Amino acid sequence: MHTITEPHISGMLPVSDIHHLYYEVSGNPKGKPVVFLHGGPGGGTVPAQRGFFDPQKYRIVLFDQRGCGRSLPYACIEDNTTWDLVEDIEKLRVFLGIERWQVFGGSWGSTLALAYAQSHPERVTELVLRGIFLSRRHEIDWLTQGGADRIFPEYWADFLAPLTADEYGDTVAAYRRLLSPDNPDPAQMLAAASAWAQWEAHLIYLIHNTEAVAHYHDGEAALAIARIENHYFSHLSWLTAERALLANIDQIRHIPTVIVQGRYDICTPPQSAWDLYQAFPEARLEMVLAGHSAFDSEIARALVAATDRFAS
Ligand code: STX
């Protein structure tokens, strides 16, 4: 990883009547522009993510997507869809006076990077994608219905705990009711947020990360990721047949692209990276011995190698 430097600009960008996005720019103000797309959706950014880029060479843009991190209003799912986020990326690009930029995204960030690149291919210099998630029904089911539960049965039991047995057949719908801003019982809502977010946090690291899970013991901290992710999963991320990511892959096959995938990724298993690579054989696929997290050492190493190559 590279040295983490402090932002030389940060602020709040209004993008709709409701939403204001936190953004920050660090690294070299005259460097090669890159935008970092975080996961979840609803995960927000952390300063450590600046470290994927050489601060001497890159003008590093991080922002928190609608409703999460330092963006306001917190955990708001009104006017919050994939296509809103795609246009937010454009608004931020224009606001910063950037013509074209590298797009770097992992997990949900890979979904959003592909959606953005397919909508605005002329704005993307390169793609660096990690832990591929295409938001297809079976990928969402793996996380919320059947798949990952086989690997982590004890944590799955905790995930089911807020639900009644008749709700087990559609956990996304059951959690949607619990996480709704209209839930009259805030304690129940926050307990559900904590259970949802901790389940996902358990899937992310090859080696159990107590700290990452503990962060979501707090229901308020967990609410953005839980409610926003659930909202996107409930709508299959608005990726309809016409706007599906593999169907539109030809829009972006000219863009230099690296795909980094952890072999033992239980959050977004390698099948999706493979499907993407089959549709996009010009990309470079690196399957590494790791789990899901961008910070797992082999993944971080491959990501930094990719941004270093693209910088020179
Ligand atoms: N969601 C996977 C994802 O993007 C399908 C993701 N999961 N957890 C995260 O991201 C955080 C680490 C940001 C919480």
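In which hand of crossing, left or right, does α5 pass α7? I looked it up in this predicted model: the crossing of α5 past α7 is left-handed.

**Entry: α5 and α7**

I noted that helix α5 covers residues 153-160 and helix α7 residues 186-202. Their axes cross at roughly 165 degrees and come within 8 Å. An angle over 145 degrees counts as roughly antiparallel, so I put α5 and α7 down as roughly antiparallel to each other. On the α5 side, I listed Y155, W156, D158 and F159 as making the contact. On the α7 side, the contact is made by A195, W196, W199 and H202. I sorted the residues of this contact into six nonpolar, one polar and one charged.

**Entry: α6 and α9**

Next I turned to helix α6 (residues 171-179) and helix α9 (residues 219-234). I found their axes 10 Å apart, packed at an angle of about 135 degrees. The helices α6 and α9 are therefore oblique to each other. The crossing of α6 past α9 is left-handed. From α6, V172, Y175, R176 and L179 take part in the contact, and from α9, A226, R227, N230, F233 and S234. I counted five nonpolar, two polar and two charged residues there.

**Entry: the ligand**

How many residues surround the ligand? I found 14, and the closest are G40, S107, W108, E200 and E229. An N or O atom in the side chain of S107 is 2.5 Å from an oxygen atom of the ligand. For G40, a backbone N or O atom lies 2.7 Å from a ligand oxygen atom. For E200, I noted a polar side-chain atom 2.9 Å from a nitrogen atom of the ligand.

How values were computed:
Residues are numbered from 1 along each chain as its sequence is written. This is a predicted model: local features need pLDDT of at least 70, side-chain atom pairs count only at pLDDT 80 or more; totals for chains, interfaces and linings use all residues. Side-chain values use heavy atoms; hydrogens and water are left out. Axes are lines fitted to C-alpha atoms, for helices over the stretch in contact, and angles run from 0 to 180 degrees between N-to-C directions. Helices (H or I, at least four residues) and strands (E, at least two) are DSSP runs, numbered from the N terminus. Angles under 35 degrees count as roughly parallel, over 145 as roughly antiparallel, 65 to 115 as roughly perpendicular and the rest as oblique. A crossing is left-handed if the near helix is turned anticlockwise from the far one by less than a right angle, and right-handed if clockwise. Contact means heavy atoms within 4.5 Å. Ala, Val, Leu, Ile, Met, Phe, Trp, Tyr, Cys and Pro count as nonpolar, Asp, Glu, Lys and Arg as charged, and the others, Gly among them, as polar. A residue is near a molecule or strand if one of its heavy atoms lies within 4 Å of it. A polar contact is a pair of N or O atoms within 3.5 Å; within protein, one must be able to donate a hydrogen and the other to accept it, and residues adjacent in sequence count only if both atoms are side-chain atoms.
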